[in-house]
Amino acid sequence: MDYVSALVPPVVMAVFFIALIVIIVKSQGGPNKTKEDGAVDAALARAETAKQTARPENV
């Protein structure tokens, strides 16, 4: 019975890891993709604006 108690934690972790990967893959694309892309674009725009205002270039 020691081998069963030794194998259970890795098997449980593997099952949860596989489930996590499946959830991540299924959540890609579709209606979530537009929302995620919009959030990333907004964050990049804010970062670019902050970089330009923090270091104005001499003209």
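Is K51 buried, partly exposed or exposed at its relative accessibility? At 45% relative accessibility, K51 counts as partly exposed, where buried means under 20% relative accessible area, exposed means over 50%, and partly exposed covers the values in between, computed with a 1.4 Å probe and with protein chains only.

The model is predicted, so that local features need pLDDT of at least 70 and side-chain atom pairs count only at pLDDT 80 or more, whereas totals for chains, interfaces and linings use all residues. Residues are numbered from 1 along each chain as its sequence is written, and side-chain values use heavy atoms, with hydrogens and water left out.

The protein contains 2 helices and 0 strands, these elements being DSSP runs numbered from the N terminus (H or I with at least four residues for helices, E with at least two for strands). Its radius of gyration, 22 Å, is well over the 10 Å that the globule rule gives for 59 residues, so the protein is more spread out than a compact globule; the radius is taken over C-alpha atoms, and the globule rule is 2.2 Å times the number of residues to the power 0.38. Along the principal axes, the C-alpha atoms fill a box of roughly 75 × 30 × 10 Å.

Helix α1 spans residues 2-26 and includes V12, a residue that is partly exposed with a relative accessible area of 37%.

The loop between α1 and α2 (31-54) holds G30, which is exposed with a relative accessible area of 54%. The C-alpha atoms of G30 and F17 are separated by 23 Å, the two residues lying 13 residues apart along the chain.

In helix α2, K35 counts as exposed at 58% relative accessibility, and its C-alpha atom is 20 Å from that of E48, 13 residues away in sequence. E48 is partly exposed, at 36% relative accessibility, and its side chain meets that of K51 in a salt bridge (3.9 Å, N to O), defined as a side-chain nitrogen of Lys or Arg within 4 Å of a carboxyl oxygen of Asp or Glu. By this rule the count comes to 1 salt bridge. K51 and E48 are separated by about one helical turn, because they are 3 residues apart in helix α2.
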